[in-house]
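Dear colleague,

Please find below the structure that I am handing over to you. My notes on it follow directly after.

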Amino acid sequence: KDFNRYLNITDDVREVVDEKTSLVLKEENIITHIYDIKHVDTPSKLVEKKRASKTISEDAILDVIEFGNHMHKLLEIVNFDTKDTTFIKDEKERKYVDKILNLSIFKGVSNDNILHEYNFYDDINDVHGVIDLLVNKDNEILIIDFKLKNISDEEYVKQLQTYKTYISTITKKPVKTYLLSIIDGVIMEVE
């Protein structure tokens with residue numbers, strides 16, 4: 001009932017819109033108006049007062065993104081040969097990176113057989129991608145995508161399938177894909 005009422009507020013909106021410019025397109029008799037909306041009054045019953053879900057401030061979201069980017073950068077510059085993380089001053093961040101470096105998937109991995117932030121363009125499928133970590137092992141290629149925490153999003157699976165499709169066109173080696181949770185220090189193979 002409220003939604004139907006919402007759909008009908010366009011008459012109310014017309015009263016508060018200041019028409020600045022009117023543009024007439026003569027092709028196919030289409031008339032389009034461009035408006036500069038100064039203010040819109042909505043019925044108070046339509047204003048959301050309670051939320052069932054948690055609210056996250058824009059600043060908090062930006063902080064999470066910034067921290068995720070920072071952790072990505074640390075994983076780009078860490079030495080996979082020595083696994084030395086003493087350059088990371090923040091103890092918590094160092095523990096995250098140490099836990100990742102000690103995952104069994106990185107046993108025997110050295111700086112010589114990895115590529116960070118591998119950019120590619122697949123002209124067959126018209127798609128661009130950036131692979132966080134590409135590991136070239138003797139008998140296989142590993143594609144590892146870093147995520148700050150959540151690795152269960154279906155969109156990530158599609159992302160890795162796109163990466164795998166492209167890499168499979170440039171190598172004869174089998175290609176495996178993985179999602180890595182930086183915070184949890186967990187890696188999950190994606191089929």
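The notes below cover a central strand, the aromatic pairs and a surface patch.

This is a predicted model, in which local features need pLDDT of at least 70 and side-chain atom pairs count only at pLDDT 80 or more, while totals for chains, interfaces and linings use all residues. Residues are numbered from 1 along each chain as its sequence is written, and side-chain values use heavy atoms, with hydrogens and water left out.

Strand β5 spans residues 141–147, and seven of its seven residues are buried (under 20% relative accessible area, with exposed over 50% and partly exposed in between; 1.4 Å probe, protein chains only). Helices (H or I, at least four residues) and strands (E, at least two) are DSSP runs, numbered from the N terminus. In a regular strand the side chains alternate between the two faces of the sheet. From β5, Ile141, Ile143, Asp145 and Lys147 point one way, and Leu142, Ile144 and Phe146 point the other way.

Two strands pair with β5 (pairing requires at least two DSSP bridges). Strand β4 (residues 127–136) is antiparallel to β5 over four bridges, and the two form a hairpin with four residues between them. Within this pairing, Asn136 stands opposite Ile141. Strand β6 (residues 175–181) runs parallel to β5 over seven bridges, with Leu179 as the bridge partner of Asp145. Together with helix α5 (residues 154–170), β5 and β6 make a right-handed β-α-β unit (with the strands pointing away from the viewer, the path from the first strand over the helix to the second runs clockwise).

Rings of Phe, Tyr and Trp (its six-membered ring) pair if their centres lie within 6.5 Å; planes under 30 degrees apart count as stacked, over 60 as edge-to-face and the rest as tilted. By this rule there are four aromatic pairs. One of them is edge-to-face: the rings of Phe80 and Phe106 have centres 5.5 Å apart and planes at 65 degrees. Phe80 lies in the loop between α3 and α4, and Phe106 in the loop between α4 and β3, so the pair ties together parts that are 26 residues apart in sequence. Phe80 is buried at 2% relative accessibility, and Phe106 is buried at 1%.

The rings of Phe120 and Tyr163 are also edge-to-face, with centres 5.8 Å apart and planes at 90 degrees. This pair links strand β3 to helix α5. Phe120, Tyr163 and Tyr166 form one aromatic cluster.

Finally, Ile65 in helix α3 (residues 58–77) is partly exposed at 46% relative accessibility.

Yours sincerely
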